[in-house]
Amino acid sequence: MTAEIEHDDINDLHTEPMLLNMGPSHPAMHGTVRMVLTLDGETVIKVDPEIGYLHRGFEKECEHATWTQVFPYTDRLNYVSPLLNNFGFALAAEKLLEIEATPRCNTIRTIMGEVSRLSDHLTCVGAGSLELGGFSAFLYAIEGRELIWDLTEEVTGARMTVTYARIGGLKDDITPDFADSWRVKRERLLEIIDDVDKLLTKNRIFLDRMQGTGIISQEDAISYGYSGPCMRSTGIDYDLRKDHPYFAYGDIDFDVPVGTTGDNFDRYLIRMEEMRQSIRIIDQCVAKMPDGPVNCDDPRVVLPEKERVYNSIEGMINHFKIIFEGIQVPAGEIYSYTEAGNGELGYYVVSNGTGNPWKVSVRSPSFYHMPAIHKMIEGAMIADIIPTFDTINMIGGEIDR
Amino acid sequence: MSKSDIKKLGRKFRKVVLDTSERLGMDTALIDKDAVREILEYLRDEEKMQYNMLRHLTCVDYLHRDPRFEVVYVLYSMSNKTQVVIKAAVPEDDPTIDSVHDLFGCANWAEREVWDMYGVDFKGHPDLRRILMYEEFDGHPLRKDYDKQASQPRVELRKTERDAIEEFKTFHKQQPEQGSRS
Amino acid sequence: MNFIDVALIPLLKIGVIVFGFAMLIGSMLTLAERKQSAYIQRRKGPNRAYLFRKDLRLNGLFHLIADGLKMLLKEDFVPHGANRKLHLLAPMLGLMPAMVIFAIVPFMDYACTGAMAAPIAGKDYCFPEELGALANAPLAELSNPLFNADLNHWFQVANIHSGLLYIFAVTGLAVYGSAIAGWASNSKFSLLGGLRASAQMISYEVSMGLSLAGILMIYGTLDVNELVREQGELLFGFLPQWGIVLQPLAFFLFLTASIAESKRAPFDMPEAESELVAGYFTEYSAMKFAVFSLGEFVTVVFIAAIVSTLFLGGWQVPWLYADGFHFTAASMPSAVAAQQLTVEAAQSALTANTNFAPDIALPYWLVVALRIGGFVTKVLLMCFLQLQFRWTVPRFRYDQIMHLGWKILLPLSIANLLITALVILLV
């Protein structure tokens, strides 16, 4: 019976552990995840996370779509930072095609990627504060996110599921007044980040809840394949933008915050600092935006301009073949990775030479962060699950695909 | 340089490394499926290589080819910042391969997903159950012969309520020293 | 002892004070909380409910009525397997202590219907038309309603001489509501919430009591009205000796402990939305839930009232006494002199000596109005402060609440007591 459980303090008192189901519909579970907790009083003895409630068959759908039709599906992976997912897949397909995007395209991809990253971090920090009870910081962060979405809407046409990237370029060039629009929003964003900082970072109660909870060690982090803010919080400096630069990250000056203890507070601080660094990156990119075309000029890949499509046979046939048969990507496989908001977002893409991908496998950061949650939670109290689950920023769309 | 890493691997395990390639910057080695544990352990523990992070574990279904499945391991070395891809071919009539869940912690869930989606059995895995699909799902959805629009049989309502305490007691009797069920 | 004195007038006072003041402000707080949180968060809050005409919205004031009606009309269910009687009893036990405490809250001093009212040494004394037997009595008897028929009990429901102990007794009863609610709902979440609530409330009652012991020692009386009168004395000749001036540490300790008693943020772990859905009142709906939530807001008002009474001077407006403003202690007879005076001597001293005239003279009805207004303002201010706390800080974890209650607040209360004792001994 329960005598098999070795606890020093309950050897004399005959108690039974309680099974509590923090079910899929629960206010604190981001997306839908079910955790079956075994509790002894307030302490968690075992936790069994169960995912799959948001599984929509991303990979199966991609196998039946053309290469360009995959982009709307990638939006819905990490739905708080859709542009980063789009650009990751575009990079994978371009590597298989062995073509290079133009410098202007790379710079715009960097800018919009960082804009998306700002949105992701604002949501994570805000939701963390919301679940701990500090409702006001959440709404300030959401105001910041609204500014980001307004900016995204100006450039791409949609607020959340944008489908902005294309293989070989982007859907549209950036708006001509982007620099002015950014300058205005940037001031307000910095104010909001400062406000949230003042409300939370030195707040005794917030520190008590976040410091020392949800700790993961470096060995466990490497073994479980951590990346992004969660990995950097343990002290390992691993940022794909610096280690394996892509897009325009090689020419830009920015710092990567690294934590020390691997607890929730470090992850929160890293996210706050990364927001400021993102603003810095966008400033630099806007200042040195290169001129030139946005799409590369490979006719097998990029749709021709509308004038050519309507006025010449070659243009029309080109357009027709790309749309109907898909971009003919040569056979091969590639694993391409970028630094998304949560960590390393990888696409393992296999092509068989036709216009439909043979396999698109997503290596989502949340799927590799979740299994180690039992290392962070077991032995802690129920109330510690909440900040832990929030700072690892598990997005339901990403983990279930 | 992982270029020489792949070549070193090929020389050391000549019998089981069937092919190596470096196309598109991806250093790939195709190995015999029975040598998976040996090779991954070697790659992880060897001093100059230290491929200690399993970046991705997935499976590809080449429908009209024998062997049909190919389990792919993408490994990364944190200290050398190099990447290597190990592929093991798994035939359809014997879809089993050794599990590496004790070498890399993240392999636990990744292997569950491959089992769920493709039906490749991992020998030695402590808890091989479906992860993304529900328990009563019939079939393995990402196989190429599974129709995208296939419908599933109806799930019968359970006649008795699950008794959570009983479940916990039986589970705990079987595995008293386990951490969580993952 | 006729029917009017014993039954009718107290019922009237209960009606005005408890229902007219406490419940009214409690209901307004349900709306005020939403509007205040909205303005903190840069949004507008509820402003849609209208009455009679579509554009008569009053910026959302009618949401009070709308919320009440909604609560009345919802389906009331009892979960499967729950104890029906206890399920019904728990909200009542939650609301009752909050309402009952208003029995001793004084809105004004004894109203004086006599000839003259003037302060002596910071306290008001009411001199009747004809002194009669009082003429040679010591001054203290003048403020005793048994002897002075011109003192009227209009502004306090019941003058319990051990009012402070009554406060402790009633706050002790507050635990039952949440404990029984958690048990009676037959749900694991509710049980966890109820257990947390009981443990938390019991822990903080001790610090609450000990921090008030300092007040008792300094002012020397348990009678709540007397406590407020004592706070009128001027310290160093010009500073009103309110509780917060003499016992600042006890003010913070008592405020923290009371907010923890009422289970409001940042101590609202028992009803933490993100973890336990709604804690011990998960399984309540409709009017029972409304009673719980009203009980919580009336508790906010009662904490505001008690803190204002004991620490912020109650109905005292600074430097305002029965005949007007006296800005320094020199314009009133001193305490030393007053001890030896009889009533008659005091009255003649007050009327004869022009030094004892007020700096700004005010009619008595104006003084009464200002004092009641002052008290209501203080209560509203403390309510605003508690609402502000809720929307600014995140909530504590459960073991941190216990740690705070037992390891920080309790030793501080005891230290406060010792320091107060030392100061009284030496000064």
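Start with chain B: among its contacts (heavy atoms within 4.5 Å) between residues at least 6 apart in sequence, 49% join residues at least 24 apart. This is a predicted model, where local features need pLDDT of at least 70, side-chain atom pairs count only at pLDDT 80 or more, and totals for chains, interfaces and linings use all residues. Residues are numbered from 1 along each chain as its sequence is written, chains are lettered from A and ligands numbered from 1 in the order in which they are written, and side-chain values use heavy atoms, with hydrogens and water left out.

**Chain B**

Stay on chain B and colour by secondary structure. There are four helices and seven strands. Helices (H or I, at least four residues) and strands (E, at least two) are DSSP runs, numbered from the N terminus. Along the sequence the pattern reads α-β-β-α-β-β-β-β-α-β-α. Chain B has 182 residues, and 51% of them are buried. Buried means under 20% relative accessible area, exposed over 50%, and partly exposed in between (1.4 Å probe, protein chains only).

Next, select K12(B) and F13(B). K12(B) lies over the face of F13(B), 5.6 Å from the ring centre. A charge sits over a ring if NZ of Lys or CZ of Arg is within 6 Å of the ring centre and within 35 degrees of the ring normal.

Now show every chain. Two pairs of chains touch, and chains A and B have the most contacts. No contact joins chain B and chain C; their closest C-alpha atoms lie 13 Å apart.

**Rings in chain A**

Which residues do ring pairs link into a cluster? Select F87(A), Y164(A), Y246(A), F247(A), Y249(A) and F254(A). Rings of Phe, Tyr and Trp (its six-membered ring) pair if their centres lie within 6.5 Å; planes under 30 degrees apart count as stacked, over 60 as edge-to-face and the rest as tilted. Then pick K242(A), which lies over the face of F254(A) at 4.3 Å from the ring centre.

The whole structure holds 28 aromatic pairs over all chains. Zoom in on F87(A) and Y164(A): this pair is edge-to-face, 6.5 Å centre to centre, with 65° between the planes. F87(A) is in helix α3 (residues 82-97) of chain A, and Y164(A) is in the loop between α5 (135-156) and β4 (165-166), 77 residues apart. Both F87(A) and Y164(A) are buried.

Move to F89(A) and Y347(A). Their ring centres are 5.6 Å apart and their planes lie at 65°, so this pair is edge-to-face. F89(A) lies in helix α3 and Y347(A) in strand β7 (residues 344-351) of chain A, so the pair ties together parts 258 residues apart in sequence. F89(A) and Y347(A) are both buried.

**Chain C**

Select helix α4 (residues 163-184) and helix α10 (residues 286-310) of chain C: they pack at an angle of about 160°, with axes 13 Å apart. Axes are lines fitted to C-alpha atoms, for helices over the stretch in contact, and angles run from 0 to 180 degrees between N-to-C directions. Show side chains for the contact, including I167(C) and T171(C) of α4(C), and F292(C) and F302(C) of α10(C).

Next, N225(C), in helix α6 (residues 224-230). Buried or exposed? N225(C) is buried, at 1% relative accessibility.

Finish at H153(C), in the loop between β4 (151-152) and α4 of chain C. H153(C) is partly exposed, with a relative accessible area of 32%.
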